[in-house]
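Visitor: I'd like to learn how to read a protein model like this one. Could you walk me through it?

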Protein chains: 2
Amino acid sequence: MQSEDRPIGRKRNPIIEEARRRQIIDAAIETVASVGYAQASLSRIAQHARISKSVISYHFAGKDELLEQVVKQIYADTWTFIQARLETETTAAGRLRAYIQSNLDYLRSHRSRVLAVGDIVGSHRAADGTPRFATTTDESVITLLTDILRQGLDDGEFRDFDPQVVAVTVGQALIGALGRWAVDPTVDLTAYANELITLFDRATRK
Amino acid sequence: MQSEDRPIGRKRNPIIEEARRRQIIDAAIETVASVGYAQASLSRIAQHARISKSVISYHFAGKDELLEQVVKQIYADTWTFIQARLETETTAAGRLRAYIQSNLDYLRSHRSRVLAVGDIVGSHRAADGTPRFATTTDESVITLLTDILRQGLDDGEFRDFDPQVVAVTVGQALIGALGRWAVDPTVDLTAYANELITLFDRATRK
DNA sequence: CTGATAGTAGGCCGATCGGCCTAATAGATA
DNA sequence: TATCTATTAGGCCGATCGGCCTACTATCAG
């Protein structure tokens, strides 16, 4: 009888397994970044990674899972970065400012990754044509911002407004900044961030 | 020799030709509205219009031209509506307010059409994967808003800000409203409009 | 050495799409 | 009526995609 934990055949380190997945995920990101989501077929991704298409099928359940991992990874990185900045602020106004600032800071230093994930989130659809990531992603951002704003409202820090509306608008403002910067990389994101911070500070203060 | 203006064969009224195009355009709008852009193949559109696929090919150069006409028509209608509202205002602040208000008013009374064109603009890509309408559409909206804002800046009506940034943010805010309303039709667009008007009024005033 | 098995390569399959071709139809003109 | 041509129906074609299958390779246990 065999040991269940030790099958007979080749048993590489699971680290290699994980490394392979990372390699494929990275290749997917780079492919989307260079040719866009619409052209990023499994063939193109495999070609970019210099592997066979079936390697992707072997390590991922399908294209859906691969893209899901891509989005998940980049969002996790982004969130880690932003969260650290949020924690240094105590007031709602400060947290709102920090959110805008850190968001655009992150974009600036991870251009291709952010553009790639933006393309994927905006373009990838389920079999029935409904957006696969766009809604859930937006929802989580809006929830976070709404919480910050509601705190400020409860503390009497802000004027009276609908936190949902302002949250959506802040989120969309950042997407707008990303869009402008995607079209024209010479846009000064630092100045852009300052403009938005002033805009929403005036929009929310008493 | 034949008269050039009067060929021998059947020569229906060109009005019928135009009516056919309108019928196809309407069918395309309804198809996108009901099943989404991703599922709106030429077959589906033809099926919805109860005609053969080749009728579309006969009256339009291709899917690109059909969708172009769809977008062009709906934008023309929208613009006519909004422009009338803008003309009643003289101050920049008033025009900005009217723009936001009339935009959301139009959405409310033409839900399916606006959602359809939004889906098309956001999803339709050229053969190389680049957005076909999204960029040019955004650009024209931003240009219009920038002009309004610049007028207000020149007249000393507004505080000092970058009109590009505010224009992009206003445009995105409206897209955000559309997005929320697409997900949840019970959203009160009148209240939403008032929130946005107040928000941007405070954001731009001196 | 030998067998078992994880991992990889390459190619094939069914589905879908937009575009195109061909034949049939119908109405206007002579 | 005979004929010409605008219009339509239906089906086919080439391309592309994601997923799957089969065979080959490399490595490790015994």
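Guide: Let's go from the overall fold to the core. Keep in mind that this is a predicted model.

Visitor: How many helices and strands does chain A have?

Guide: Start with secondary structure, read along the sequence. Chain A has nine helices and zero strands, so in order the pattern is α-α-α-α-α-α-α-α-α. Its C-alpha atoms fill a box of roughly 75 × 45 × 35 Å along the principal axes.

Visitor: What share of the contacts in chain A links residues 24 or more positions apart?

Guide: Look at sequence separation. Among contacts in chain A with a separation of 6 or more, 64% join residues 24 or more positions apart.

Visitor: Which stretch carries the "DNA-binding region" annotation?

Guide: That comes from a record: an unreviewed UniProt entry puts it on residues 41–60 of chain A. In the model, that stretch is 75% helix and 0% strand, with its end C-alpha atoms 14 Å apart.

Visitor: What about burial and surface?

Guide: In soluble globular proteins, nonpolar side chains tend to be buried together. Here, 43% of the 206 residues in chain A are buried. Chain A exposes about 10,700 Å², and carbon and sulfur atoms supply 50% of that.

Visitor: Which residues touch the most other members of the largest nonpolar core?

Guide: That core has 73 residues, and the answer is A:Leu196, A:Phe200, B:Leu196 and B:Phe200. Take A:Phe200: beyond its neighbours within four places in sequence, its contacts include A:Leu96, A:Ile100 and A:Val170 in chain A, plus B:Thr169 and B:Leu199 from chain B.

Methods. Residues are numbered from 1 along each chain as its sequence is written. Chains are lettered from A and ligands numbered from 1 in the order in which they are written. This is a predicted model: local features need pLDDT of at least 70, side-chain atom pairs count only at pLDDT 80 or more; totals for chains, interfaces and linings use all residues. Side-chain values use heavy atoms; hydrogens and water are left out. Helices (H or I, at least four residues) and strands (E, at least two) are DSSP runs, numbered from the N terminus. Buried means under 20% relative accessible area, exposed over 50%, partly exposed in between (1.4 Å probe, protein chains only). Contact means heavy atoms within 4.5 Å. Accessible areas come from the Shrake-Rupley method with a 1.4 Å probe; for residues, only the protein chains shown count as cover. UniProt positions are given in the numbering used here, feature names are shortened, and annotations may be inferred rather than shown by experiment. A nonpolar core is a set of buried Ala, Val, Leu, Ile, Met, Phe, Trp, Tyr and Cys residues joined through side-chain atoms within 4.5 Å.
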